[in-house]
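Here is a short note to read beside the model. Please keep the structure open and find each residue as it comes up.

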Amino acid sequence: MLVAIMEEAPSDLVVAWKEAPYSLEELSAELLRLWVKHRGQFNQGGARHDGTGIDFTTTDRKVLDADDPQAVLGTQYPISVQCGEPATHG
């Protein structure tokens, strides 16, 4: 099926295959582990769909101000942490 789709694509379309460094399953399991271990520290979080790591939002200054939040949180996976308030539901 993929071959048929590619045959219909414009000839100037370039496709680059990329293998994700981590599976969604790996990242989701690590996300859950961190969420439980650091209960209350994160406001939102999710695995990146390209398989490159995990994104979190928090208001925890210890995590936000850390030179190496990956080490502070005790994870082997790449993470990015941004300041963000919890979502409010009206």
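1. Which residue in β3 does Asp55 stand opposite? The residue is Ser80. Before going on, note that this is a predicted model, where local features need pLDDT of at least 70, side-chain atom pairs count only at pLDDT 80 or more, and totals for chains, interfaces and linings use all residues. Residues are numbered from 1 along each chain as its sequence is written, and side-chain values use heavy atoms, with hydrogens and water left out.

2. Start with the sheet. It is open and has 3 strands, in the order β1-β2-β3, with mixed pairing. β1 (44-47) and β3 are the edge strands; each has a single partner, so one side of each lacks a neighbour in the sheet. From one strand to the next, the twist averages 15 degrees. Strands here are DSSP runs of E, at least two residues long, and helices are runs of H or I, at least four residues long, numbered from the N terminus. Two strands pair if DSSP finds at least two bridges between them.

3. Now look at β2 (residues 54-58). It runs parallel to β3, and 5 bridges join the two. Helix α2 (residues 24-37) packs on the sheet and touches β1 and β2; its direction makes about 155 degrees with that of β1. Contact means heavy atoms within 4.5 Å. Axes are lines fitted to C-alpha atoms, for helices over the stretch in contact, and angles run from 0 to 180 degrees between N-to-C directions.

4. Turn to the charged side chains. A salt bridge puts a side-chain nitrogen of Lys or Arg within 4 Å of a carboxyl oxygen of Asp or Glu. The count is 3 salt bridges. One joins Asp55 to Arg48, with the closest N and O atoms 2.8 Å apart. Another joins Asp65 to Arg61, where the closest N and O atoms are also 2.8 Å apart.

5. Arg33 and Glu30 form a salt bridge too (2.8 Å, N to O). Both lie in helix α2, 3 residues apart, or about one turn of the helix. Arg33 is partly exposed, at 33%. Buried means under 20% relative accessible area, exposed means over 50%, and partly exposed lies in between (1.4 Å probe, protein chains only).

6. Thr75 brings us back to that helix pair. Thr75 sits in the loop between α4 (69-73) and β3 (79-83). Leaving aside neighbours within four places in sequence, Thr75 is in contact with Glu30, Arg33, Leu34 and Gln70. Thr75 counts as buried because its relative accessibility is 9%. Its side chain reaches the backbone nitrogen of Tyr77 at 3.2 Å.

7. Last, the rings. Those of Phe, Tyr and Trp (its six-membered ring) pair if their centres lie within 6.5 Å; planes under 30 degrees apart are stacked, over 60 edge-to-face, and the rest tilted. There are 4 aromatic pairs. Why is the pair of Tyr22 and Tyr77 called edge-to-face? The planes stand at 75 degrees, with the centres 4.9 Å apart, so the pair is edge-to-face. Tyr22 is in the loop between α1 (2-8) and α2, and Tyr77 in the loop between α4 and β3, so the pair ties together parts 55 residues apart in sequence. Tyr77 is buried at 8% relative accessibility, whereas Tyr22 is partly exposed at 24%. Elsewhere, ring pairs link Trp35, Phe42 and Phe56 into a cluster.

How values were computed
A polar contact is a pair of N or O atoms within 3.5 Å; within protein, one must be able to donate a hydrogen and the other to accept it, and residues adjacent in sequence count only if both atoms are side-chain atoms.
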